[in-house]
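I open this entry to record what I looked up in the structure.

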Amino acid sequence: MTDFTADDHRFMARALYLAERGAWTTRPNPMVGCVLVAAGEPVGEGFHVHKGGPHAEVVALQAAGERARGATAYVTLEPCAHTGSTGPCADALIAAGVSRVVAAMRDPFPQVDGAGFDRLRAAGVEVASGLMEPQARALNRGFLSRIERGRPWLRVKLGCSLDGRTAMANGDSKWITGAASRRDVMRWRARAGALLTGSGTVLADDPRLTVRLEPEAPFAPPLRVVLDAGLATIARGNVRDGAAPTLYVHARDAKPPQGFAAPRLAVARGADGQLDLQAVLAALAEGGINEVQVEAGATLSGAFLRAGLVDELLLYIAPVLLGERGRPMFDGLGIESMAQRLHLETVDTRRIGDDFRILLRPAV
C-alpha cells in the first residue's frame with residue numbers, strides 16, 4: 001500500500017476540485033481533473049470540459065510545456081490508453097517526460113481498465129493509485145454506475161411539506177418550496193444526463209423539464225424522458241417545446257399515431273403490467289446516460305423505490321403543513337410494519353433559503 005504525503009493529498013484535492021467543474025458539460029464522459037507538480041509547485045492544471053475536447057491531462061500538459069518533464073501528474077482517473085475522440089493520455093504523459101503519476105482510481109471502462117497504468121509502468125513511469133478514491137468515485141458515481149452496473153445512477157427529486165406532502169389533494173403543488181430551492185434544483189438538473197417523468201405528471205402539471213440557469217453558465221441540455229406506456233401525452237405538453245430533446249418510452253403494444261416522428265423507445269411491460277423500469281434504465285445506459293433525475297409523482301417515484309432502483313433521494317422540505325389529505329411522496333411501498341421500514345442514510349443537509357435540502361441514500 002502506497003504511503004501518500006500531505007502534498008499528495010493537497011494536489012489530488014485540487015485535481016478533484018477541477019474535475020467537478022465539468023459536471024454540467026462532460027457527459028457521457030467522466031469528470032476528470034489533472035494537476036502537474038514539479039519541485040513541489042503546480043506547473044500546469046486542467047479538466048475535461050466536453051466529449052471530443054482535450055482530456056484533463058492534455059490540458060495540463062499544454063499549460064506546463066517543458067516544465068512537465070520530471071513532474072508528477074495528479075489525475076482523478078486512470079489515464080486512458082486507447083484512441084477515441086482524442087489520443088491516449090498515457091502516451092501524452094510519457095512523451096512529455098512525466099516521472100510519476102498518482103491516480104485517484106482505476107478506470108473500469110473496458111478499453112482502459114488498467115491498460116493506462118500498464119503502459120505508463122512499461123515506459124518507466126512510477127504509478128500509484130487509490131489516493132482519495134472514495135471522493136473520486138462519489139464524483140463520477142453516474143459514469144461508474146453506467147459502466148459497472150449497466151444502468152444510470154438514479155436520483156429522485158421531491159419537494160414536500162414538513163408533514164411529508166408533495167401536493168394538495170386536488171394536485172395543486174405550486175409552490176411548496178421557495179424560489180431559492182427551485183434555483184438549486186436547476187443546478188442538479190444541469191448535471192443529469194436525463195430528466196425523467198411520467199405521463200401522469202405531464203397531464204397534471206405540464207412541466208418543462210428544462211435547465212434554467214444564469215446565461216453565462218455553460219451546460220449540455222439533459223434529455224427529457226417521458227414514461228408513457230400508451231402514448232397518451234404525445235400530442236400535448238411543454239416537453240414538446242423543442243427547448244431540449246425529448247424521448248417517449250412506451251410499451252411494445254402501444255400504437256403510435258401515423259406521422260408521429262418524436263424519438264421513442266419501446267420496452268416490455270413488467271409482471272405488474274407497467275413498464276419494466278430496469279429495462280428503461282438499461283436502455284438509457286446504452287444511450288450514454290450516466291445520471292437520471294426523476295421528477296414525478298408518488299406513483300412513479302414509489303415504483304422506482306419499490307424496485308430498488310433509487311440511488312439517492314434529493315428532498316427539499318418547506319416549513320409548511322399541508323394536512324392529512326395532501327398527497328404523499330411515495331405510493332405503493334406496501335409497508336405495514338416497522339420491520340418493513342426503509343432505512344436511509346443522510347449524506348448532506350443544508351439550508352436553502354427558507355427550506356431544508358436533504359440528500360439521502362438507501363442504507364447498505
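**Basis.** I am working from a predicted model, where local features need pLDDT of at least 70, side-chain atom pairs count only at pLDDT 80 or more, and totals for chains, interfaces and linings use all residues. Residues are numbered from 1 along each chain as its sequence is written, and side-chain values use heavy atoms, with hydrogens and water left out.

**Domains.** I took the bounds from an automatic or database domain assignment, which gives domain 1 (6-139) and domain 2 (150-362). Their centres, over C-alpha atoms, are 34 Å apart. To the contact (heavy atoms within 4.5 Å) domain 1 gives 8 residues and domain 2 gives 14. I noted about 850 Å² buried between domain 1 and domain 2, 52% of it on carbon and sulfur atoms; this is the accessible area (1.4 Å probe) that two parts lose on being put together, summed over both. On the domain 1 side, Trp24, Arg27 and Pro28 lose the most area, together 74% of what that side buries.

I then looked for salt bridges across this interface, meaning a side-chain nitrogen of Lys or Arg within 4 Å of a carboxyl oxygen of Asp or Glu, and the rule finds 0.

**Lysine 157.** I found this residue in strand E6 (residues 153-160); strands are DSSP runs of at least two residues (E), helices of at least four (H or I), numbered from the N terminus. Lysine 157 counts as buried because its relative accessibility is 18%, the classes being buried under 20%, exposed over 50% and partly exposed in between (1.4 Å probe, protein chains only). Beyond four places in sequence, its contacts include Glu295 and Tyr316.

**Aspartate 228.** I placed this residue in the loop between strand E9 (223-227) and strand E10 (246-251). Aspartate 228 has 2% relative accessibility and so counts as buried. Its side chain reaches the backbone nitrogen of alanine 232 at 2.8 Å.

**Salt bridges.** I have 22 by the rule. Arginine 141 pairs with glutamate 312 at 3.4 Å between the closest N and O atoms. Arginine 141 is in helix H6 and glutamate 312 in strand E13 (residues 312-317), so the pair ties together parts 171 residues apart in sequence. Both of these residues are buried. Arginine 191 pairs with glutamate 291 at 2.5 Å. I noted that arginine 191 is buried at 12% relative accessible area, and glutamate 291 at 4%. Arg141, Arg155, Arg191, Glu291, Glu312 and Arg361 are linked in a network of salt bridges.

Note on methods:
Polar contact = N/O pair within 3.5 Å; in protein donor to acceptor, adjacent residues only side chain to side chain.
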